Amino acid sequence: MMIENYIRDIQDFPKKGILFKDITPLLNDPKAREECLKLLVTDLKEEKIDVVVGAESRGFFFGMLIAQELNAGFVPIRKPNKLPAETISASYALEYGTDSLEIHTDAIKKGDRVLIHDDVLATGGTAKAMCELVESLGGEIVQVNFLMEIEFLRGREKIKNYPVFSVLKY
C-alpha cells in the first residue's frame, strides 16, 4: 500500500507559500491507517516503551494508536493554557512563526522510556521542544517518530541526538 497516496497537498495553508500536507484522507481510510500504524511501530516491537508523547493536535491521532499498540501510556503535549494541572513549557520556532508547548509536570517519571510522536518533521522546532520537555522531567527518549518528514527543511538536524523514524519523506 502506498501511504503517500493518502496525503493531500493544500497550497498556501496556513499561509501563502506553505504547501500543507493534509493527513485527513489517511485518517479516513481504515486500511491505510492500519498500514501506517504498522509502519510506525515495526521497529519498536522489541523496545520497552512506557509512555508515548504526542504533540497537539495531529500528533494525538496516531500517538494514541501507537500507545495502544505498544501497551504504553499516552501523554499529550499541548499549546499553552490547555492542560489543567501544573505544567512546564518550552518555546520553539515554526517555519511560519513561533509558539510554545506545555506538558504536565507529573506526566513523565524519571527513567520512563518515551516515544515521541508527531505528524510532520519540518524545521524540527516542535520536536526539539518536545524532547526538551521529556528530558527535563527525567524521561529517556527511545525514538522520535513522524508520519512524514520534509527533508529540505532539515529538521532532523535539531534532533540529531535521538533515533528518528519517518514513514514518508518529501
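Select Cys-36 to begin: in this predicted model, Cys-36 counts as buried because its relative accessibility is 0%, which falls under the 20% cut-off. A search of the whole structure finds zero disulfides.

Next, go to Ser-166 in strand S9, which covers residues 164–169. Ser-166 is buried, with a relative accessibility of 6%, and its side chain makes a polar contact of 2.9 Å with the side chain of Glu-149. Beyond its neighbours within four places in sequence, Ser-166 is in contact with several residues, including Phe-146, Leu-147 and Arg-156.

Then turn to the salt bridges, of which the count comes to 13. Select Lys-45 and Glu-69, whose closest N and O atoms are 3.0 Å apart; because Lys-45 lies in the loop between helix H2 and strand S3 while Glu-69 belongs to helix H3, the pair ties together parts that are 24 residues apart in sequence. Lys-45 is partly exposed at 44% relative accessibility, and Glu-69 is partly exposed at 41%.

Finally, select Lys-128 and Glu-132, whose side chains meet in a salt bridge at 3.9 Å, N to O. Both residues are in helix H4, and because they are four residues apart there, about one helical turn separates them.

How values were computed: Residues numbered from 1 in each chain as written. Predicted model: local features only at pLDDT ≥ 70, side-chain atom pairs only at ≥ 80, totals over all residues. Heavy atoms only, no water. Helix = DSSP H or I, 4+ residues; strand = E, 2+ residues; numbered from the N terminus. Buried < 20%, exposed > 50% of the residue type's maximum accessible area, 1.4 Å probe, protein only. Polar contact = N/O pair within 3.5 Å; in protein donor to acceptor, adjacent residues only side chain to side chain. Contact = heavy atoms within 4.5 Å. Disulfide = S-S within 2.5 Å. Salt bridge = Lys/Arg side-chain N within 4 Å of Asp/Glu carboxyl O.
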